[in-house]
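Have the sequence and the structure at hand while reading.

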Amino acid sequence: MLGGVCTAVARHLGWSVGTTRWVAVALTCCGGAGGLLYLWLWALTPLEPGADGAPDRMHRRVAVPWVLFAVAAACAVAVLGGGWLPVTGGSAGTLSMLILVMVVCAVGAVGWDQLIDAAPAPRLDRGAAVMRVLAGGVLVAVSVLAPTIWGARATGFAWALFGVTLLAGVAVLAGPWALRLWKELIAERTARVREEQRAEIAAHLHDSVLQTLALIQTRAGASSEVARIARAQERELREWLYAGSGTADSDLATELRDFAAALELDFAVRIEVVTVGETPERSGGEIAAAAREAMLNAARHAGGEVSVYIEGAPAVVDVFVRDRGPGFTIERVPEDRLGVRESILGRMRRAGGTATVGPGAGAGTEVHLHLERGEGTSA
């Protein structure tokens, strides 16, 4: 319930959880051995690995920060209420002890919430900020009101604790904000150092490995096996160097570049994807599917050099797929061949766009896909 120690020990020994807890209580009665053993296991035993192999985050059924805050609040009520009672022989020492316990519990509650339960269960995190404000307010209120209530009856040590209480209250109120700011600064500095290291590695590889791979592609020819392997390795290396710079939700240009990389591994082809402007089209749209089919046909039947030109605007997108093969006309394609008619022309027509297939500039074939966002669906 608090630390998961008895549950873990019971699982390890094959006992029931209830039996393990009663054994811990019995050992605690033997000179406190059970309590010390419990604290030792809680502090030094690592957390059980989660599904991904990393230590799992523990979610306690008891909100420990609120328990500590409740103890601190009870001590605060005793300190403020005890000042109206007649002074007894042990009242001064009791006052100091109550103040000390109050400060330790209030600071411990906030510290536990910030450091140990850094990512608690949502049901325990809803009132965490309220608890921190209340703990700081209790400490500040006691440090201001208690000297007035107790007056000369408080000892010198108690007056020193009043000052400590005020400092602790300020720390509780401002500490979480300072800790969060410090973590953000550390994270920013770490990211900056990693980015500088990545830039140095990228510059070194660009001057050596990437230039060598580019030279291999130029000398070996676009459609040769060596050039395709070198191009694939260059693309993988660039993706590794600049990992994290792309978006998780792939856009049209990224989708077509990835598809071009896959085609270059399967066919003797070199596909160059060029983008002009920005388009809101995503990777799952109809125009992306039609462009992939056109690229596949060009790689399968033409080979060599294939150019994919994407021209985007907020309201319209055009995709041109050009190859340098022998060329063909749609009229000469048999009626039972539905690749071009349905996967390209029919798909664009159903999406509200247009598609044309014709001869390219000089030689080969050019497939032009056009889609206006106002005419059909976008993605």
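## Nonpolar surface patch

Helices here are DSSP runs of type H or I with at least four residues, numbered from the N terminus. The model is predicted.

By that numbering, α2 spans 17–28 and α3 spans 33–44. Each supplies at least two residues of a nonpolar patch. The patch covers about 680 Å² of surface. Its members are Leu 13, Trp 15, Val 23, Leu 27, Leu 37, Trp 40 and Leu 44. Helix α3 gives the most, with three residues.

Leu 44 lies in helix α3. Its relative accessible area is 58%, so Leu 44 is exposed.

## Cysteines

For Cys 29, the closest cysteine sulfur belongs to Cys 30. The separation is 6.8 Å, too far for a bond. For Cys 75, the closest cysteine sulfur is in Cys 105, at 5.9 Å. That is also too far for a bond.

Cys 29 counts as exposed, at 66% relative accessibility. Cys 75 counts as buried, at 8%.

## Strand pairing

Strand β5 covers residues 365–372. Strand β3, residues 316–323, pairs with β5 in the antiparallel sense over seven bridges. Within this pairing, Val 316 stands opposite Glu 372 of β5.

Strand β4, residues 354–359, also pairs with β5. The sense is again antiparallel, with six bridges. Here Gly 358 stands opposite Glu 366 of β5.

Definitions and conventions. Residues are numbered from 1 along each chain as its sequence is written. This is a predicted model: local features need pLDDT of at least 70, side-chain atom pairs count only at pLDDT 80 or more; totals for chains, interfaces and linings use all residues. Side-chain values use heavy atoms; hydrogens and water are left out. A disulfide is a pair of cysteine sulfur atoms within 2.5 Å. Buried means under 20% relative accessible area, exposed over 50%, partly exposed in between (1.4 Å probe, protein chains only). Two strands pair if DSSP finds at least two bridges between them. Patches are made of residues with over 30% relative accessible area and no salt bridge: like charges are joined within 9 Å, nonpolar side chains (Val, Leu, Ile, Met, Phe, Trp, Tyr) within 5 Å. Accessible areas come from the Shrake-Rupley method with a 1.4 Å probe; for residues, only the protein chains shown count as cover. A salt bridge is a side-chain nitrogen of Lys or Arg within 4 Å of a carboxyl oxygen of Asp or Glu.
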